[in-house]
Amino acid sequence: MRWWLLGLMACGTGSTQPEGQVPGSPQGQVAGSVVLPEGTQAPAGATLEVRLEDVSRMDAPAEVLGRVDLPGEGPGPFAFTVPYEPDDVDERMAYSLRARVEDASGKLLFVNTSAVPVLTRQAPSVDVQVPLESVARPEKPAWAEPRADGDIRFRGGGNEPGWTVALRPGERIDLDWDYGEQKAALPWPEGMQSKQGGQVIRATTEAHDVSVAIWKETCHDTMADKVWGWRVEVTVDGRVLSGCGDLTEE
């Protein structure tokens, strides 16, 4: 009788697995597929990168919790599984997937421009679909063309400390930081530098040396509970300010 009872007790014991965690594995997983725009395909030798990121803080670069690199040639869709450590996930925070396809030379071809929430706040961890968009990389982006009215074409900002930037192509860069205690208006430079699929605008005066880097990437503002389409990094006199931004309406 004793052996039967012990066997019953052994069968009744077990552990519950956190959501997104595969039984028998110490890691959690986010699984799904990456979808290219209809009628497009990636060339031979293209690679796909999918990242799981903590996007809870607008004023800091997204923290990468997991990453996977896969072949990305052809029309897709491309199945993926991104591993992560369950202990790194906080139910109070926000997490998102970021995917990109590059050609064999490293040129960015496709990227997701909308947030893909996962894991927390009732977001899924399986059967996640990540739609990508084609990336146009002109020498000079359309938003940077000067306008006769001098209107603002791009706004950005961040927190801790509070700062804002406004870009008026052909005219000036308006910047304030330290919650508005510091301000600068810098003349628009003659040219700009392309970097990692985005642009870097640098302006210098006798008082300040400023560069503004913007690139197309989803950016989550937790304080405003808003998702922006661009990330912004402003360097003013060697001090780096990170945040989000977007193009203004025409």
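Reply: In this predicted model, strand β17 and strand β18 (residues 239–247) run antiparallel and are joined by 7 bridges. Within that pairing, R231 has C244 of β18 as its bridge partner. The two strands form a hairpin with 2 residues between them, and D237, which lies in the turn, has a positive phi of about 55 degrees. Strand β17 (residues 226–236) is also joined to strand β16 (residues 209–221), again in the antiparallel sense, and here there are 10 bridges; in this pairing S211 stands opposite T235 of β17. As background, strands of a sheet pair through backbone hydrogen bonds, in either a parallel or an antiparallel arrangement.

Most residues other than glycine have a negative phi, and most peptide bonds are trans. D178, a residue other than glycine, has a positive phi near 55 degrees, and D178 is found in the loop between β12 (172–177) and β13 (182–187). The peptide bond that joins G76 and P77 is cis, with omega at about 0 degrees, and P77 belongs to the loop between β3 and β4.

Strand β4 leads on to another set of pairings, an open sheet of 3 strands in the order β4-β1-β8, in which the pairing is mixed. Its edge strands are β4 (78–84) and β8 (128–131), each of which pairs on one side only. On average, and with direction ignored, neighbouring strands of this sheet are turned by 35 degrees against each other. Strand β1 (residues 28–35) pairs with β8 in the parallel sense over 4 bridges, and S33 has Q129 in β8 as its bridge partner.

Strand β3 (residues 63–71), which contains E63, brings in the charged side chains. On the surface, E63 gathers with E85, D87 and D88 in a patch of negative charge. Side chains of opposite charge can pair when their charged atoms come close, and the count of salt bridges in this model comes to 13. One of the pairs is formed by the side chains of E49 and R67, which meet at 3.1 Å, N to O. Because E49 lies in strand β2 (residues 47–54) and R67 in strand β3, this pair ties together parts that are 18 residues apart in sequence.

Notes: Residues are numbered from 1 along each chain as its sequence is written. This is a predicted model: local features need pLDDT of at least 70, side-chain atom pairs count only at pLDDT 80 or more; totals for chains, interfaces and linings use all residues. Side-chain values use heavy atoms; hydrogens and water are left out. Two strands pair if DSSP finds at least two bridges between them. Axes are lines fitted to C-alpha atoms, for helices over the stretch in contact, and angles run from 0 to 180 degrees between N-to-C directions. Patches are made of residues with over 30% relative accessible area and no salt bridge: like charges are joined within 9 Å, nonpolar side chains (Val, Leu, Ile, Met, Phe, Trp, Tyr) within 5 Å. Accessible areas come from the Shrake-Rupley method with a 1.4 Å probe; for residues, only the protein chains shown count as cover. A salt bridge is a side-chain nitrogen of Lys or Arg within 4 Å of a carboxyl oxygen of Asp or Glu. Lys and Arg count as positive and Asp and Glu as negative; His and the chain ends are not counted. The place of a charge is taken as NZ of Lys, CZ of Arg, CG of Asp or CD of Glu.
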